[in-house]
Amino acid sequence: MLGVQIIGFVAAILTTVCWLPQALKTLRTKDTKSLSLVTQCVFALGVALWLIYGILVGNAPIILANSVTFVLVALIVAMKLRYG
């Protein structure tokens with residue numbers, strides 16, 4: 001099972017880290033004009049559901065990845081709502 005967990009953690013790290021540049025750029029520039037609010041909200045909901053699923057099944061990689069990603073996308077949604 002250790003090999004499966006390693007694959008899960010690597011996948012979690014890669015998918016979370018790939019979202020980081022967008023979040024950092026948005027936070028730094030406050031430029032959200034090119035981002036779709038609907039897309040960001042639907043993505044946030046999907047990530048939240050993955051997080052709930054991860055908690056229910058006790059899967060650490062899913063919990064880790066979706067916790068971090070949810071915070072990042074929630075920040076982007078907040079910036080989109082505030083700065084348009």
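Here are some questions and answers about a predicted model.

Residues are numbered from 1 along each chain as its sequence is written, and side-chain values use heavy atoms, without hydrogens and water. In this predicted model, local features need pLDDT of at least 70 and side-chain atom pairs count only at pLDDT 80 or more, while totals for chains, interfaces and linings use all residues.

Reader: Is P61 buried or exposed?
Author: Happy to start there: P61 is found in helix 4, where helices are DSSP runs (H or I, at least four residues) numbered from the N terminus. Buried means under 20% relative accessible area, exposed over 50%, and partly exposed in between (1.4 Å probe, protein chains only). With a relative accessible area of 5%, P61 is buried.

Reader: Which residues does P61 touch, not counting residues up to four places away in sequence?
Author: Contact means heavy atoms within 4.5 Å. I7 is 54 residues from P61 along the chain, yet their C-alpha atoms are separated by 8.9 Å. The residues that P61 touches are Q5, G8, F9 and A12.

Reader: At roughly what angle do the axes of helix 2 and helix 4 cross?
Author: Good one! Axes are lines fitted to C-alpha atoms, for helices over the stretch in contact, and angles run from 0 to 180 degrees between N-to-C directions. The axes of helix 2 (residues 20–29) and helix 4 (residues 60–83) come within 10 Å, crossing at roughly 30 degrees.

Reader: Which residues of helix 4 make the contact with helix 2?
Author: On the helix 2 side, the contact is made by L20, Q22, A23, T26 and L27. Their partners in helix 4 are L72, L75, I76 and M79.

Definitions and conventions
Helix = DSSP H or I, 4+ residues; strand = E, 2+ residues; numbered from the N terminus.
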